[in-house]
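I open this notebook to record what I looked up in the structure shown below.

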Amino acid sequence: MTQHVRALLLTETGKPQEIIDDLDVDLPLDHEVLVRTCACGVCHSDLHFRQGKWTTFPLPLVLGHECAGVVEKVGPQVTYLKPGDHVVGCLTAFCGECRYCLTGRMYICEGTGLSRTGKSRARLRYKGKDIAQFVNLSGFADMLLVHERALVRIDPEMPLDVAAAVGCAVTTGVGAAINTARVRPGETVAVFGCGGVGLNVIQGARIAGASRIIAIDRSEKKATDALRFGATDAVLATDDVVGRVVEMTAGGVEHAFEAVGIRATAENAFAVLRPGGMATIVGLLPEGERISVPATALTFDRRLQGSNMGSNRFRIDIPAYLQMYKDGRLKLDELISRRIGLDQVDNAMVALDSGDGIIRSVAVFG
Ligand SMILES: [Zn+2]
Ligand SMILES: [Zn+2]
């Protein structure tokens, strides 16, 4: 038995997504949870799929992965959640059994058994055909049917539109600084890119106690806005940005973060490191892209690493981030530039590349 729900469907890359009223969402099987979606943020990763830069999922597809809602129904064997619980979804669902989960790195879980792949029916169907689920979530729909280990229960007093933003942008950015790079009190930090993720790297570095946090962006407004999130300096991304940062920090920073997703900024992040420094690539570079660094720089213990979804343990991290928000230590209201309807999501997604000062647009449902 299924139900028809409203959703935003991508049928062809590079073309506008359309609203449909008849996405079939199945009922929960073992370990699955049906969630009434209340909010879903518009993230750059969604745009990459809309543009066809990434092609991991077959079309048609319902995008959206920064989502929060209320549990409607739970399937057999679900003990963690019950109807009425407020939840945030995370795209790094964990199986709890693979070598990564068992070594505390559930953010790179192998994911066995988390989707319905190979089972008799799909979670989502459209016009009688099975369709793929985007990162086990597909959040731009009135209902989500997900594995229970893609969800974290949150304080029901927390506004769900704010909580949604924590599911991707905050977990990715704050986690990159705190979990992946482990920024220490007193260290110096440079952050390339002051969008939704970059601002959260800055917040993470501030919470970790960094002494200096240099915000870099090609938009002067974005770099300056980053001062409100804890950056100590705003620098325009011009041709001599590397020299500028090295000069400002008398030899380079201890931590640099790339939060744009392009080769030049990734290479610049490595170039501003002092000996012993670490560059953490948070932005998602296009498929097939390569980056190169001078080999001699590695001699002095400089390191380059990736960060997947802020190396999160999201059932621990997300409630902790929401508590920091409650305590006034993490700025979340300021991240949400506007609340929109599902019919405005496609425009908001395309506008992400225009640098018009919008940090996060969150679609609210109902
Ligand atoms: Zn995202
Ligand atoms: Zn696992």
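Predicted model: local features only at pLDDT ≥ 70, side-chain atom pairs only at ≥ 80, totals over all residues.

**Entry 1. Zinc ion (ligand 1).** I asked which residues coordinate the zinc ion (ligand 1). I found Cys43 through SG, His65 through NE2 and Cys168 through SG, at 2.0 to 2.2 Å. Along the sequence, I read the spacing of these donor residues as C-x21-H-x102-C. The pair Cys43 and Cys168 links distant parts of the chain, 125 residues apart. I located Cys43 in the loop between β3 (32-41) and α1 (44-51), and Cys168 in helix α2 (residues 160-180). Both Cys43 and Cys168 are buried.

**Entry 2. Zinc ion (ligand 2).** I then turned to the zinc ion (ligand 2), where the donors are the SG atoms of Cys95, Cys98, Cys101 and Cys109, at 2.3 to 2.4 Å. Why is the arrangement tetrahedral? The four donor atoms subtend angles of 100 to 118° around the zinc ion (ligand 2), and tetrahedral requires that all angles lie between 85 and 135 degrees. The spacing of the donor residues in sequence is C-x2-C-x2-C-x7-C. I placed Cys95 and Cys109, 14 residues apart, in the loop between β5 (86-89) and β6 (124-126). Are Cys95 and Cys109 buried or exposed? Cys95 has 8% relative accessibility and counts as buried; Cys109, at 17%, also counts as buried, because the limit for this class is under 20%.

**Entry 3. Nonpolar cores.** I looked up the largest nonpolar core and found that it has 107 residues. Those with the most contacts inside it are Leu23, Phe140, Ile154, Ile202, Phe257, Leu332 and Val345. Helix α2 gives the largest share of this core, 10 residues. Domain 1 (2-167 + 312-364) and domain 2 (182-306) both contribute residues, so this core lies between them. For Val345 I listed the residues it touches, leaving out those up to four places away in sequence: Leu8, Val42, Phe140, Ile340 and Ala363. A second, separate core has 16 residues, including Phe192, Ile216, Met248 and Ala269.

**Entry 4. Thr37.** I examined Thr37, which is found in strand β3. Thr37 is buried, with a relative accessible area of 3%. What does the side chain of Thr37 reach at 2.6 Å? I found that it reaches the backbone oxygen of Ala141. Beyond four places in sequence, Thr37 touches several residues, among them Ala68, Gly69, Asp142 and Phe365.

Note on methods. Residues numbered from 1 in each chain as written. Chains lettered and ligands numbered in written order. Heavy atoms only, no water. Donors = N, O, S within 2.8 Å, 3.2 Å for Na, K, Ca; no water. Helix = DSSP H or I, 4+ residues; strand = E, 2+ residues; numbered from the N terminus. Buried < 20%, exposed > 50% of the residue type's maximum accessible area, 1.4 Å probe, protein only. Tetrahedral: all angles 85-135°; square planar, octahedral: opposite > 155°, others 65-115°. Core = buried A, V, L, I, M, F, W, Y, C linked by side-chain atoms within 4.5 Å. Domains from an automatic or database assignment. Contact = heavy atoms within 4.5 Å. Polar contact = N/O pair within 3.5 Å; in protein donor to acceptor, adjacent residues only side chain to side chain.
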